Amino acid sequence: MLSVPDYEFWFVTGSQHLYGEEQLKSVAKDAQDIADKLNASGKLPYKVVFKDVMTTAESITNFMKEVNYNDKVAGVITWMHTFSPAKNWIRGTELLQKPLLHLATQYLNNIPYADIDFDYMNLNQSAHGDREYAYINARLQKHNKIVYGYWGDEDVQEQIARWQDVAVAYNESFKVKVARFGDTMRNVAVTEGDKVEAQIKMGWTVDYYGIGDLVEEINKVSDADVDKEYADLESRYEMVQGDNDADTYKHSVRVQLAQYLGIKRFLERGGYTAFTTNFEDLWGMEQLPGLASQLLIRDGYGFGAEGDWKTAALGRVMKIMSHNKQTAFMEDYTLDLRHGHEAILGSHMLEVDPSIASDKPRVEVHPLDIGGKDDPARLVFTGSEGEAIDVTVADFRDGFKMISYAVDANKPEAETPNLPVAKQLWTPKMGLKKGALEWMQAGGGHHTMLSFSLTEEQMEDYATMVGMTKAFLK
């Protein structure tokens, strides 16, 4: 299953010696209280650790160096409790290589009109200090995140929490390794891309392997190991033999489970966290990996069909960001163009993630009229209803572009007895016609990641962190 290190976020507040030692002690006390209460709120997925009050350029620079080289730290949260001269932050901020959140807040959420004096004003001048600090980040083009509001409010805490998930995904992005089993589908343009630039910008390593290398690993899987996975499958999903005889059904499922274990062991041995397959390249394999791929995506691996390594890597990043919740590989497949019913039916040949299922997935075996191989087992289910986002990454000569729109997801209006695949219906919130036109004009491809648990703000934050061009369609 998806495993992410126990990251933490270091929290510092800015001030200066002008105010005196007693005031600095108050600043530290307030900052520690905020950190403690944020952690106690239960809203944040990762711990906030208060480190110090920053008063000099030297201390800020040394702090940022320490952040860069501590693998446990996913990012920095700063707060300007008082006025902190922004020139002090220049060198350290330039050196910082991890995500930065400027928490523009105040220790108290009210103005104490009856008691306020200049001592209070000097101590609680976040409104003043925030603007000085924000100016230098803007001038340095740091593209940091600013969260504004009272730190004790739930909406502010939830925004911090969402940013933490993005920051962790950013750190983990530089560990993403994609194993390409075979090449990309012949003559297809949108699945191509600059792998070197992807590694420079996003940290994604993309390696090729021949299918023979994978088949060798699959052939090593023992019957006993497949038996164990078969029992696990029976405990999780509905086993539907359908029109198949018992032996044919069981054999097809076992082939997929051997593929699942073989691919997983191959990926684990090489430290890979995402993979691609291609139905045009199945040398030595009985079936196109269907159920096998679905189970690996369920476990948190990124996946791309037809050799689409960009979607595979993006999928892994989004799996981390979403804690592997309701985030699935998808493809625009067919349309309902009737007025009042406009929608996209999303699916794929086999490999849609069961994390978006609204019903209990069924393990079925059916013919697949593509790839020229035996009938593959697959999970068949219906997707969910609710608000979601649909995201893709395309490569242009001047760089990568993230393209996204918000969608209303629905279940198909009727069953599809002759289409035994996982399926999800959705409509862009901006309308199908406008959304589809703008998507195509932006150069968005047909492979996407659909997520019910992530927001466009989070995807925009990630794109900003890695310096990716953005086309968020409204």
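Reader: Which residues touch the most other members in the largest nonpolar core?

Author: Trp-204, Val-253 and Met-459 do, in a core of 124 residues. A nonpolar core here is a set of buried Ala, Val, Leu, Ile, Met, Phe, Trp, Tyr and Cys residues joined through side-chain atoms within 4.5 Å. Buried means under 20% relative accessible area, with a 1.4 Å probe and protein chains only. Helix 10 (residues 246-270) gives the most to this core, 9 residues; helices are DSSP runs of H or I, at least four residues, and strands are E runs of at least two, numbered from the N terminus.

Reader: Where can I find a second core?

Author: A separate one has 17 residues, including Val-49, Val-67, Leu-100 and Ile-136.

Reader: Before I go on, what kind of model is this?

Author: It is predicted: local features need pLDDT of at least 70, side-chain atom pairs count only at pLDDT 80 or more, and totals for chains, interfaces and linings use all residues. Residues are numbered from 1 along each chain as its sequence is written, and side-chain values use heavy atoms, leaving out hydrogens and water.

Reader: New topic! Is strand 18 mostly covered or uncovered?

Author: Mostly covered: 5 of the 5 residues in strand 18 (residues 447-451) are buried. His-447, Met-449 and Ser-451 point one way, while Thr-448 and Leu-450 point the other.

Reader: And how many bridges join strand 11 to strand 18?

Author: There are 5, and strand 11 (residues 327-336) runs antiparallel to strand 18. Thr-327 has Ser-451 as its bridge partner. Strands count as paired if DSSP finds at least two bridges between them.

Methods. Buried means under 20% relative accessible area, exposed over 50%, partly exposed in between (1.4 Å probe, protein chains only).
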